[in-house]
Amino acid sequence: MNESNIKKDEELSKELYRVARGKETEAPFTGEYWDNHEQGMYHCAICGSELFSSDAKFDSGTGWPSFTEPANLQNIILKDDASLGVRRIEVLCKKCGAHLGHVFDDGPRDKGGKRYCINSICLTLDKTKN
Ligand code: FE
């Protein structure tokens, strides 16, 4: 694992730090990617790890980028989260520990039924691959 390309906390924008390190949620319909339909691979904005392909992206109507599955399950961590008094499953970047969002069971049924609801600010789209 190459840790040298993980951005340090002081290099992060205020909003990225707030969401990814503070486990907050960006306001819906505000991020760069919720309504983006370009092809590519979405990487972690902090460490560059490959997280989600545009092939798995769908319009959820929530205002956050939504995916049916991660590009590679090995690149994420799923963790039980009871923080709002509701049981949810938190999605984290395995390499850098960034809080990415949550995964829910109300995704498209014909594609496995999962909805990975991810904060736009935690992602960077690489349009050269997917
Ligand atoms: Fe990361």
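This is a predicted model: local features need pLDDT of at least 70, side-chain atom pairs count only at pLDDT 80 or more; totals for chains, interfaces and linings use all residues.

User: Why does T68 count as buried?

Analyst: Buried means under 20% relative accessible area. T68 comes in at 9%, so it counts as buried. Leaving out residues up to four places away in sequence, T68 touches A56, F58, P108, K111, K114 and Y116.

User: What makes those residues contacts of T68?

Analyst: Contact means heavy atoms within 4.5 Å. A56, F58, P108, K111, K114 and Y116 make the list for T68 on that basis.

User: Now the metal. Which atoms coordinate the iron ion?

Analyst: The SG atoms of C44, C47, C93 and C96, at 2.3 to 2.4 Å. The cut-off for a donor here is 2.8 Å from the metal, and S atoms qualify, so these SG atoms at 2.3 to 2.4 Å count as donors.

User: Why is the site of the iron ion called tetrahedral?

Analyst: For four donors, all angles must lie between 85 and 135 degrees. The four donor atoms of the iron ion give angles of 97 to 117°, so the site is tetrahedral.

User: What spacing do the donors of the iron ion follow along the chain?

Analyst: The pattern is C-x2-C-x45-C-x2-C. C44 lies in strand β1 (residues 41–44) and C96 in the loop between β6 (88–93) and β7, so this pair ties together parts that are 52 residues apart in sequence.

User: Are C44 and C96 buried or exposed?

Analyst: The cut-off for buried is under 20%. C44 has 3% relative accessibility, so it is buried. C96 has 13%, so it counts as buried too.

User: How do you know that G101 is buried?

Analyst: Its relative accessible area is 2%, and the label needs a value under 20%, so G101 is buried. G101 lies in strand β7 (residues 99–104). Beyond residues up to four places away in sequence, G101 touches I89, E90, V91, C117, I118 and N119.

User: On to charges. Why is the pair E15 and R18 called a salt bridge?

Analyst: The rule asks for a side-chain nitrogen of Lys or Arg within 4 Å of a carboxyl oxygen of Asp or Glu. For E15 and R18 the closest N and O atoms are 2.9 Å apart, so the pair qualifies. Both residues lie in helix α1, three residues apart, about one turn of the helix.

User: And what about E24 and R18?

Analyst: Their N to O value is 3.9 Å. The limit is 4 Å, so the side chains of E24 and R18 meet in a salt bridge as well.

User: What does the salt bridge of K23 and E90 link?

Analyst: The N to O value for K23 and E90 is 2.9 Å. The pair links distant parts of the chain, with K23 in the loop between α1 and β1 and E90 in strand β6, 67 residues apart.

User: Why do K23 and E90 get their accessibility labels?

Analyst: K23 has 43% relative accessibility, in the range between 20% and 50%, so it counts as partly exposed. E90 has 4%, under the 20% cut-off, so E90 counts as buried. As for the backbone, phi of K23 is near 55°, a positive value in a residue other than glycine.

Definitions and conventions. Residues are numbered from 1 along each chain as its sequence is written. Side-chain values use heavy atoms; hydrogens and water are left out. Helices (H or I, at least four residues) and strands (E, at least two) are DSSP runs, numbered from the N terminus. Buried means under 20% relative accessible area, exposed over 50%, partly exposed in between (1.4 Å probe, protein chains only). Donors are N, O and S atoms within 2.8 Å of the metal (3.2 Å for Na, K and Ca); water is not among the atoms, so sites may look incomplete. Four donors count as tetrahedral if all angles lie between 85 and 135 degrees; four count as square planar and six as octahedral if opposite donors are over 155 degrees apart and all others between 65 and 115; anything else is irregular.
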